[in-house]
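Please open the structure in your viewer and keep the selection tool at hand. The tour moves from one pair of side chains to the next.

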Amino acid sequence: PLRRQRQMCIRDSPLIKEKERAILARQVLENPVYTDAIDVIKTSLMDTWQTTSMSQTLERENIYKMLLAVKSIDFHIQSVMKTGQLAEMQMEKFNG
């Protein structure tokens, strides 16, 4: 009975959702289309930045902001994956 209650609590737990989101995040991060897109965008932005002159501060700043946005997206997806991995560890400990 107690084990069944634990299983029911876990099934309804946000830990399950975090674990499922981690699986999706990993699929995105390991998807070659995604990784290629991120690489192409970063390379393109860096190439564009390198061709600007020092006097083009507004353009350079915009490129920098775009690079930060791309990195932020990637970081967020990695964070979702790591959070899900931690949730899975908690579930295993709880079921232990």
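Please note that the model is predicted.

**First stop.** Select K19 and E88, and display their side chains. These side chains meet in a salt bridge, with a distance of 4.0 Å from N to O. The pair links distant parts of the chain: K19 belongs to helix 2 (residues 14-29), E88 belongs to helix 4 (residues 57-95), and 69 residues separate them. K19 has a relative accessibility of 29%, so it counts as partly exposed. E88, at 31% relative accessibility, also counts as partly exposed.

**Second stop.** Remain in helix 4 and select K65 and E61, which both lie in this helix. They are 4 residues apart, about one turn of the helix. Their side chains meet in a salt bridge at 4.0 Å, N to O. K65 is partly exposed, with a relative accessible area of 47%, and E61 counts as partly exposed at 43% relative accessibility.

**Third stop.** Now select R26 and E30. Here the side chains form a salt bridge with an N to O distance of 3.4 Å. Is E30 buried or exposed? E30 counts as exposed because its relative accessibility is 57%, and the cut-off for exposed is over 50%. R26, its partner in the salt bridge, has a relative accessibility of 37% and therefore counts as partly exposed.

How values were computed:
Residues numbered from 1 in each chain as written. Predicted model: local features only at pLDDT ≥ 70, side-chain atom pairs only at ≥ 80, totals over all residues. Heavy atoms only, no water. Helix = DSSP H or I, 4+ residues; strand = E, 2+ residues; numbered from the N terminus. Buried < 20%, exposed > 50% of the residue type's maximum accessible area, 1.4 Å probe, protein only.
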